[in-house]
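Work through the exercises below with the model open. Try each task before reading its solution.

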Amino acid sequence: MQTDDVSLKKALKPIHLWAIGVGLVISGEYFGWNYGWGVAGTVGLLLATLVITGLYFTFIFSFTELTTAIPHAGGPFAYALKAFGPLGALVAGYATLIEFLLATPAIALALGSYIHFLYPAVPIVPASIVSFVVFTGINMLGIQEAAWFSLIMTLLAIGELLVFIGVVAPHFQLQTFLNNPMPFGWGGVFAALPFAIWLFVCLEGVAMVAEEVKDGNNAIAKGYISALLTLTILALAVMIGVGGIAPWDKLDSLDYPLPESMALVLGRDNPLTKLFASVGLFGLIASFHGIIISYSRQMFALARSGYLPAGLARVSRTRKVPYVALLVGGALGVLALTLLDTSKLVILSTIGAVVVYIISMLALFKLRVSRPDMARPFRAPFYPYFPAVALGLAVVTLVAMVYFYPWLSGLFVGGLLMVMGLFIAAGKHRNAPNPLSVEANGTV
């Protein structure tokens, strides 16, 4: 049932935000990054990951200023709207939707692949589609219930990764990790950047639940920073650990590199291998579930602001969740997983992410100048250096992705131009409603 009230329920605490943040990303430790080995080798991907880790540290510490100053379900869309107006908001909203809507089918395919690894008789694509149905349904229960589910799945996923690291550590060999470490030279490092981003992509999705946070300012900062530290440690440990126990060229095109690496070391029928593949679903579920939360809030915010059909802003009467956005987002995800493979979905999602990072940092600089009086409960440390480093690294990454993946970049730009053309033709660049008339501190 729908209602005229389009407000969201405030129920989230720092522990929920940490869980959502880690949960959004943790599937990146389970798959996707290993495709980077195919274009860069082990050391090449490691170097790309160190660069991207620097990007995320400087970006998240800067991005948190925007999230706490403008706690809005639109996230980057809202920041760009305040800084650059409707067209800037359109670019940010489009890029965010591409990032999140295409990350979910990639994870769904990995879920299907893990299930297929355990039960070869189960086809990958049908299992992936069932995943969308199940977790869209869970999100219909309400944000507090969804957040607690995310917390449980995230804790199980972290525990599982720690067990995995403990099991494979005794089998680690530096010689294996350094075998053919950079087969494509420095060019491979740049080609691997989108796969390194996959280790952290969607972390900024915490911003999409900013309207549903109790004591928003402190909770958001704590949630972001603790999640980033957790993910950095896990990402480096898993990547180095897997690279040191099995030849990378046997794992660089799979959606289940972790259980397969254990199978190469311990044997496919080893109980530990089977156990890990079974509980490995927790990490994928945590991210899949968390990203569904984020893209539904982004669609809700865009629709509420007149950038998408108004029906997507409908909120259920009792559960206070954007149920139409959940259903439409799930349908689009199912369509995407039937049209594109995992590596292409990863690249398109990360292109969207990098565009979001660029426009967010530009918005931060712009608002520091145009709105110096705006309440900023959390201020970016080492300003202007942190946001400048984040912006510079994001621009370099985007240029590299356009160079190495031109047709996917063209697909992204073509979609943006089409959406922008429709937006301008409808005159919404002049009269789109402004959802930011009241700021976080209650002042106009």
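Buried means under 20% relative accessible area, exposed over 50%, and partly exposed in between (1.4 Å probe, protein chains only). This is a predicted model: local features need pLDDT of at least 70, side-chain atom pairs count only at pLDDT 80 or more, and totals for chains, interfaces and linings use all residues. Residues are numbered from 1 along each chain as its sequence is written, and side-chain values use heavy atoms, without hydrogens and water.

**Exercise 1.** Classify the two residues of the salt bridge between D373 and R371.

*Solution.* 
- The closest N and O atoms of this pair are 3.5 Å apart.
- D373 has a relative accessible area of 60%, so D373 is exposed.
- R371 is partly exposed at 23%.

**Exercise 2.** Are R376 and E65 buried or exposed, and which parts of the chain do they link?

*Solution.* 
- Their side chains form a salt bridge at 3.1 Å, N to O.
- R376 lies in the loop between α15 and α16, and E65 in helix α2 (residues 37-69), 311 residues apart. Helices here are DSSP runs (H or I, at least four residues), numbered from the N terminus.
- Both R376 and E65 are buried.
- A network of salt bridges links E65, R368 and R376.

Terms used: A salt bridge is a side-chain nitrogen of Lys or Arg within 4 Å of a carboxyl oxygen of Asp or Glu. Helices (H or I, at least four residues) and strands (E, at least two) are DSSP runs, numbered from the N terminus.
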